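Open the model in your viewer and keep the selection tool at hand. The stops below are meant to be visited in order.

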Amino acid sequence: QVQLVESGGGLVQAGDSLRLSCAASGRTSRNYPMGWFRQAPGKEREFVAGVGYSGDSTGYADSVKGRFTISRDNAKNTVNLQMNSLKPEDTAVYYCAMATSFPYGVYIRTQGEYTYWGQGAQVTVSS
């Protein structure tokens with residue numbers, strides 16, 4: 001059974017930075033694409049960033065491109081999301097996900113392709 005646990009969320013002011021981390025257990029994450037999604041109140045969950053199994057392939061939503069950076073440490077079974085220049089519209093619950101149906105794959109944008117999900121971490125950005 002795979003477990004994904006997010007950490008690093010919190011309350012910050014506009015312009016600040018936060019770093020989210022996701023730790024995988026129960027199965028090594030190094031062979032699978034990983035992604036970050038978010039869900040704001042009253043909205044559907046949306047893609048934020050994704051990374052392929054090796055870390056070389058990355059993709060971002062247009063709304064975060066240039067501000068957010070996804071990375072992974074396969075030795076530690078972790079994936080991180082560095083969020084800079086945060087805006088109030090970045091306020092959401094952020095979810096980590098693993099796509100175990102695509103071993104050795106590149107990053108994936110479609111949330112339906114992800115098999116396992118974390119419980120989410122709240123990020124609140126005040127203006």
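**First stop: Glu-6**

Select Glu-6 and show its surroundings: leaving aside residues up to four places away in sequence, Glu-6 touches Ser-21, Cys-22, Trp-36, Tyr-94, Tyr-95, Cys-96, Gly-118, Gln-119, Gly-120 and Ala-121, where contact means heavy atoms within 4.5 Å. This is a predicted model, in which local features need pLDDT of at least 70 and side-chain atom pairs count only at pLDDT 80 or more, while totals for chains, interfaces and linings use all residues. Residues are numbered from 1 along each chain as its sequence is written, and side-chain values use heavy atoms, with hydrogens and water left out.

What does the side chain of Glu-6 reach at 2.8 Å? It is the backbone nitrogen of Cys-96. Next, select Gln-119: its backbone nitrogen lies 3.1 Å from a polar atom of the Glu-6 side chain.

Glu-6 is buried and has no salt bridge. Buried means under 20% relative accessible area, exposed over 50%, and partly exposed in between, with a 1.4 Å probe and protein chains only. A salt bridge is a side-chain nitrogen of Lys or Arg within 4 Å of a carboxyl oxygen of Asp or Glu. To see the nearest side chain of opposite charge, select Arg-45, which is 8.0 Å away from Glu-6 (Lys and Arg count as positive, Asp and Glu as negative; His and the chain ends are not counted).

**Second stop: Arg-38 and its partners**

By the salt-bridge rule the count comes to four. Select Arg-38 and Glu-46, which form one of them, with the closest N and O atoms 2.7 Å apart. Arg-38 is buried at 6% relative accessible area, whereas Glu-46, at 37%, is partly exposed.

Move to Asp-62 and Lys-65, where the side chains meet in a salt bridge at 3.2 Å, N to O. Is Asp-62 buried or exposed? Asp-62 is exposed, with 66% relative accessible area, and Lys-65 is partly exposed at 49%.

Finally, select Arg-38, Glu-46, Arg-67 and Asp-90 together: salt bridges that share partners join these residues into one network.

Notes. Polar contact = N/O pair within 3.5 Å; in protein donor to acceptor, adjacent residues only side chain to side chain.
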